[in-house]
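Take a moment with the sequence and the model below. Then follow the chain through its strands and its charged side chains.

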Amino acid sequence: MAQWIIDDSHSLIQFTVRHMMISKVRGRFDRFNGTITADEQNPANSSVNVQIDAASINTRDAKRDGHLTSPDFLDVASYPYITFVSKRIETLDASHGRLIGDLTIRGVTREVTLDVEYNGQARSPWGTVSVGFHASTTINRKDWGLTWNMALETGGVLVGDEVEIDIEVELIRQEEQPETVEATATLSEG
């Protein structure tokens, strides 16, 4: 089993949600980390564990971001992290699969399915090995207790319920470290 970590400088977790029923607002999370234990011979035996800093939400509007981190939405003071822990992986073909796991937001855990595309593997000029994936899904925010909204005078609501999630991730293989044997010396008295 190989260990991989997310290269956050070459990865992106972003989302899209309807605004006032007429446009879409896009945002992202700026801080996240994760580890993947991969069985390259049998991908179904692999596992994924990701932690997102909920306060790092960024929609390019400080006032909106402040509202999104408040108790009306993510309540980051009480729930600082959004997590995803895989339950199973389904391989569809050499480049496509499904990643099924538990997504926890605001202390509520629900199962989600991510459609995943494998983008290949490469060795960097510094000798590290990286792989790339694209993943996407759509969730209903109300399933996680994110129910705040406001009715519009023209009909409809301010914030859509469906949230499209789009992820670009680059993983770096962690080289196995040789096991260290600690030696202890015993002194015998004569």
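**A walk through the strands**

Strands here are DSSP runs of E with at least two residues, helices are runs of H or I with at least four residues, and both are numbered from the N terminus. This is a predicted model, in which local features need pLDDT of at least 70, side-chain atom pairs count only at pLDDT 80 or more, and totals for chains, interfaces and linings use all residues. Residues are numbered from 1 along each chain as its sequence is written, and side-chain values use heavy atoms, with hydrogens and water left out.

Now widen the view. Strand 4 covers residues 32–38 and strand 5 covers residues 47–53. They pair in the antiparallel sense over 6 bridges. Two strands count as paired if DSSP finds at least two bridges between them. Strand 5 is also joined to strand 7 (residues 81–91). These two run antiparallel, with 5 bridges. Look for Asn49, which stands opposite Val85 in strand 7.

How many helices and strands does the chain have? There are 1 helix and 11 strands. Along the sequence, the pattern reads β-β-β-β-β-β-α-β-β-β-β-β.

Move on to the later strands. Strand 9 and strand 10 (residues 129–140) pair in the antiparallel sense over 8 bridges. Val116 has Ala135 in strand 10 as its bridge partner. The two strands form a hairpin with 5 residues between them. Gly127, in the turn, has a positive phi of about 90°. Strand 10 then pairs with strand 11 (residues 159–174), again in the antiparallel sense, over 11 bridges. There, Ser130 has Ile172 in strand 11 as its bridge partner. In a regular strand the side chains alternate between the two faces of the sheet.

**Charged side chains**

Next come the salt bridges. A salt bridge is a side-chain nitrogen of Lys or Arg within 4 Å of a carboxyl oxygen of Asp or Glu. A search of the whole structure finds 9 of them.

One joins the side chains of Arg28 and Asp30, at 2.6 Å from N to O. Arg28 has a relative accessible area of 31%, so it counts as partly exposed. Asp30 is partly exposed too, at 36%. The cut-offs are these: buried means under 20% relative accessible area, exposed means over 50%, and partly exposed lies in between (1.4 Å probe, protein chains only).

Another salt bridge joins Arg31 and Asp53, at 2.9 Å from N to O. This pair links distant parts of the chain, 22 residues apart. Arg31 is in the loop between strand 3 (23–29) and strand 4, while Asp53 is in strand 5. Which of these two is buried, and which is partly exposed? Asp53 is buried, because its relative accessible area is 19%. Arg31 is partly exposed, because its value is 45%.

Stay with Asp53. Leaving aside neighbours within four places in sequence, Asp53 is in contact with Phe29, Arg31, Pro80 and Tyr81. Contact means heavy atoms within 4.5 Å. The side chains of Asp53 and Arg31 also make a polar contact of 2.9 Å. A polar contact is a pair of N or O atoms within 3.5 Å; within protein, one must be able to donate a hydrogen and the other to accept it, and residues adjacent in sequence count only if both atoms are side-chain atoms.

Find Glu111 in strand 9 (residues 108–123). At 43% relative accessibility, Glu111 counts as partly exposed. The Glu111 side chain makes a polar contact of 2.8 Å with the side chain of Lys87. Not counting residues up to four places away in sequence, Glu111 touches Lys87, Arg88, Ile100, Gly101 and Asp102. The C-alpha atoms of Glu111 and Val85 are separated by 9.5 Å, and the two residues are 26 apart along the chain.

Arg88 has a salt bridge with Glu90, at 3.6 Å from N to O. Salt bridges that share partners join Lys87, Arg88, Glu90, Arg98, Asp102, Glu111 and Asp115 into one network. Within it, Glu90 is partly exposed at 29%, and Arg88 is partly exposed at 38%.

**The chain as a whole**

Finally, step back. Of the 190 residues of the chain, 37% count as buried. Among contacts with a separation of 6 or more, 54% are between residues 24 or more positions apart.
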